[in-house]
Amino acid sequence: MNFSLKALVVLAMSAVASGEATAFDAGFFKGSHVCGGVSTLDDWEFRPEGSAFDVFFRKTNASSFQKLELLAQDTEGGLILVDRRGRPWVAVRFGQNGDSLQGRWLTGQGKPQADCEPFTLSRSESVKARIDRLFGLLGEARPSVETARTVAGEQQTLPPFDLLPDLDQQAYRQRYAEAAPTFWRRFYDAERKRLAELPVDPPAARAQVVEEMRAATSPALAPDGSLDRNGAARQAALEFLRIVADRLAASGQPLEALPGDTVCERIATFGYLDIERLEWAVGLPVEYWDRPFTEDLLRKAQSCKDGRTVVRLLSQSYPDIEKRRKAALWLREERERFLALPLTLTSFRETNGLQLGGEELRRNGVTRMAHDRFLGAPLDPRRTEMEQAAARELQEVFGGDSLKSLPLNEARSQCDRLVGTQWGNEALSRLYKTCTGMAEDYVAKSVRQVFQEQAGRIEAAPKTFAGLEANNWFLMGTGDVRGIYPPTALVTEFNGKVADARAEAVRIATGEVDKAFAAADPSSDAPASGILQCGRGTIPLHESLRPLVQACQEGSRALAARRDELRCQEALKASGGGSGLLEAALRPKAAAGNSFRVRQLVCEAARQKVTVTFPTSGMLWWSKQYVEARLPAERGRDQVRALRWLIEPVADAKGEWAISRLESKTGEVALPFPEDSLLPCLARQSLCR
């Protein structure tokens, strides 16, 4: 298509829309064009009104589009797409029925760009429909290699979100930003699982798993179509390769490298070369490169475009390659040793869950990553089998124990002995957790059994005071379970089960208590029977026992009052005081106003084991009245200890006496307070010591 500059200017200034453009329906076109040998993706939208084209294009390895907003103008040879300033960009012509666009990129002068080839774009479905179809693929739960290949292709030609309806653009961008990475993570996980589980025997199955792995490690199977540029995809491909190689080696059928005559082609897909990229290009993990294989690879690589780079890389890396090969060989031997062990708790514990310790790995120059690769996932089935066997042994241990052989508070410590130290070891931690769960079940089962037995004894026990006393007052007792307190639900269940028996026993026992206290002799010095001591706090303060506790407290108070009254009468009688004196009041001093009753003094002193008497001397007008307090003898001594005071009637105060002076003191009397304070202290019910 050749256009003069004058014609282009006239067309650009024309306000008349292109007749050819308006003859076709609106729609989308996609394809690519090549300029300067570089392929560029195209996504265009055509709108007949105004003969407008939105032209989006990007290089295949770029992530963002360039955009041109162009208008179509008719020429003798087709359409010229110009921007709003009149600058020509593309010469195009609609194909038959408008199902395609043939075009050529132009210079600013309207001439074909010499380094750009003619191109054809095909009419496509809407961008929204294309992205919706991609979302459907991205939503698969366990994507296959075929699905991943399709998604990779769709992502490499992903149209611009700007061609979506305005209200969908942001939502679709966000959805894609979340769905795409998640899809690839699911694919990598699903493919690892498939390659780890597909059978490798017989030969047909072996060939199938190798074919699956080779497809999953193809160079374009990545979100951006390149393992070289995408580290996550490259690492996943190496994992797939190693999983299959390790499984085949374990089965005695080693994986073969890819054909050597294609190694240069595969190396050329990388812009940068290291051992991992070379490992992928060879198609065999370095752990399986012995010296003859590496020397052969060295010879073949010399003919590659980057042969010198490969030779230098192999020469520098061979010591590490050989170290990795020997480490893998030792780890495979250890794996065979582990597989030969019996399925027992001892085997599981002593091998740390079929794992080697850090010190042993360091001694043999093995990395933790290599350990996990050869002894981690490959031994998981055997590890699970052995762990289950160990758990059965633990179950037998707890199943054969009883409270006599294994106290409840020692149940959990059994796991320390049986499983051992589990810190930092996932397998042992898991078994330890299983063990502690069994210990807790043992405790719960034992506690329930103990309390069921208690409930049975309570239901069979006499519903009397003696029956209550002999059976923990029909309450749940924790003494049998060594301080392990039962759960609330079990307490509720227990109380519900014995509630009727306890209520009946409390009712009968309350009557027994009332009768026992009513019949008790206040003058008896014989030890009180058990039922008469029930008011001394021997019964627990439980709501259901409140009637019985109340009866005991009231009976005890009533009996104590009767005993005090009897003691008082006996003390008054023995005091030698006449009725007038005993009914009188006594002042500490004649002028003091705080008097106390003589009767009160005698009775309260008697309660504190102090004997008060009222001796006299002389006759008639010369007679004198005394009050004497005889203190109880000190432990281990029979010496009498007494204090005697002279008391005299108070003038103008009928019925009152006053202490005149301390008359005499017998024995060693040492009081912690003044001696004149003893009588007031006794009379006012103070504890005088």
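In helix α3 of this predicted model, the residues Val127, Arg130, Ile131, Leu134, Phe135, Leu137 and Leu138 are buried, where buried means under 20% relative accessible area with a 1.4 Å probe and protein chains only. These residues cover an arc of only 160° around the axis, which puts them on the same side of α3, the arc being that of the directions from the helix axis to the C-beta atoms. An α-helix has 3.6 residues a turn, so residues three or four places apart point the same way. The buried residues of α3 pack against β1, β2 (38–47), β8, α4 (145–156) and α5 (169–197), with contact taken as heavy atoms within 4.5 Å.

Residues are numbered from 1 along each chain as its sequence is written. Because the model is predicted, local features need pLDDT of at least 70 and side-chain atom pairs count only at pLDDT 80 or more, whereas totals for chains, interfaces and linings use all residues, and side-chain values use heavy atoms, with hydrogens and water left out.

Strands β1 and β8 also belong to a closed barrel of 8 strands, which runs β1-β2-β3-β4-β5-β6-β7-β8 with antiparallel pairing; two strands pair if DSSP finds at least two bridges between them. The twist from one strand to the next averages 30°, angles running from 0 to 180 degrees between the N-to-C directions of lines fitted to C-alpha atoms. Strand β1 (residues 27–35) and strand β8 (residues 119–124) run antiparallel and are joined by 4 bridges, and lysine 30 has serine 122 in β8 as its bridge partner.

At the level of the protein chain, there are 23 helices and 15 strands, helices being DSSP runs of H or I with at least four residues and strands runs of E with at least two, numbered from the N terminus. The radius of gyration is 53 Å, well over the 26 Å that the globule rule gives for 689 residues, so the chain is more spread out than a compact globule; this radius is taken over C-alpha atoms, and the rule is 2.2 Å times the number of residues to the power 0.38. Along its principal axes, the C-alpha trace spans about 165 × 75 × 50 Å.

Definitions and conventions:
Buried < 20%, exposed > 50% of the residue type's maximum accessible area, 1.4 Å probe, protein only.
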